[in-house]
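Please open the model in your viewer and keep the sequence beside it.

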Amino acid sequence: MASIHVDIVSAEGQIHTGEAQMVFAPAEMGEVGIAPRHTPLLTKLVPGAVRVQQADGSELSFFVGGGILEVQPHLVTVLADSALRAKDADEAAALKAKQDAEEKLAGAKGDIDLAKAQAELIEAAARLQFVQKLKNASHR
Amino acid sequence: MPGSKEIRTKIKSVKNTQKITRAMEKVAMSKMRKAQDRMAQARPYAEKIRRTLGHIAQANAEYVHPFMVERPAKRVGLIIVTSDRGLAGGLNVNTFRVALKALREYKEKNVEVELALIGNKAVSYFKRLGGNVTATQTHLGDRPHLDQLLGVIKVMTDAYREGRIDRLMLVSSTFVNTMTQRPQLRQLLPVEPVKDEKLLAHWDYIYEPSPAGLLDFVLQRYIESQVYQAVIENAACEQSARMVAMKSATDNAGKIITNLQLVYNKARQAAITKEISEIVGGAAAV
């Protein structure tokens, strides 16, 4: 039976590596299912569960808070984000680094809290959903 | 017994210093192990994203991202990674030496340089030296987190996007082994991907949603992972450099104590001999 190699990594460590029959991932345009010999695909991930169907039929579930999905015919790579990310938060962080430079080299705080809180909320909601799904699955 | 009190005080003070350096050595030793673990943990991500980038470079894409296009370097961005604290031997000095050499070369070629500094030591160094500093980040702690670096990275990548800089370089210490750390100058932008895998002859990705946004996202992540890797590697370097420096400081303190003890014993012996000869001389006179 054909199988596809899966690597799930985040900046803080390797999460999973192994062979799979099928991989499901929460892509930005909707959930995608990847079977062996899938055509090359590159897409962003949103917070949610990456599910890996192993060769023996068992399924593994991993939570990702967003990231990148790269598919080659023989290979699936999930580059998970470890940090919470929001576009505004990035902007605010950049602004802060600049201000820091000015302050330190010559001698105000940015308003990053709202953007960061929003990103945290989205991630927390997705995480909660993931946990609930796992719970339901184990009850059945 | 002249000077013996001074010598005793000196021995005591050196002993106290030795206690401190020995404690610092032990602390650095335990921190070093954790820092090395973190460095190893971050490696898979860096490897995988490099591989993905290698794939992207081989795709016959209709869209080529500006991060992958070489252009003449009129202005250069330089990210310098140092530690927050000192007492780490020649670690930061060696990093600055490499950075200054690069700065001098750019100056000769009339290339302007924008600096981004990570770590307290770099900030205070360039505060004294002067220079065009656009972004700084300090107080990363023992466990640097990607979150803390995003601001600095964004400032530099935005500068590249807007054409304010044409090249982005990184100076940091690389970890060879516990005894050796080597400062290194590396190019981050434009990206030079490694094409070590052979893929199909003619193919391109399905991009969801658009190639431009996606490649931007991937390349941004790639730069972030490179800088993050450099910072945690630097943290591991810092701890091992400190451990070695403190070990030699402890050894040197031991040597000083031995020498001082010898001087003290001689002085004491001389005083006793003198006293005896005085007594004998006195007795003979009577």
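This is a predicted model: local features need pLDDT of at least 70, side-chain atom pairs count only at pLDDT 80 or more; totals for chains, interfaces and linings use all residues.

Residues are numbered from 1 along each chain as its sequence is written, and chains are lettered from A and ligands numbered from 1 in the order in which they are written.

**Chain A**

Select residues 4–80 of chain A for domain 1 and residues 87–139 for domain 2; such bounds come from an automatic or database domain assignment. Between them, six residues of domain 1 are in contact with seven residues of domain 2, where contact means that the C-beta atoms of two residues, placed from the backbone, lie within 7 Å. On the domain 1 side, strands E5 (41–53) and E6 (59–72) of chain A each give two or more residues; helices (H or I, at least four residues) and strands (E, at least two) are DSSP runs, numbered from the N terminus.

**Chain B**

Now select residues 112–118 of chain B, which form strand E2; five of its seven residues are buried, so E2(B) is largely enclosed by the rest of the structure. A residue is buried if 20 or more other C-beta atoms, placed from the backbone, lie within 10 Å of its own.

Val76(B) is found opposite Val113(B) of E2(B). From E1(B) the chain passes through helix H2 (residues 91–108) to reach E2(B), in a right-handed β-α-β crossover, meaning that, with the strands pointing away from the viewer, the path from the first strand over the helix to the second runs clockwise.

Next select residues 133–137 of chain B, strand E3, which runs parallel to E2(B) and is joined to it by four bridges; here Leu115(B) has Val133(B) as its bridge partner. Together with helix H3 (residues 120–129), E2(B) and E3(B) make a right-handed β-α-β unit.

**Where the chains touch**

Finally, show both chains: the contact takes 35 residues from chain B and 33 from chain A. Among the elements that each supply at least two residues on the chain B side are helix H1 (4–58) and helix H5 (211–285). Strand E5(A) also pairs with E6(B) in the parallel sense over three bridges, and Thr43(A) has Glu208(B) as its partner there.

Technical notes. A residue is buried if 20 or more other C-beta atoms lie within 10 Å of its own, exposed if 12 or fewer, and partly exposed in between; C-beta atoms are placed from the backbone. Two strands pair if DSSP finds at least two bridges between them.
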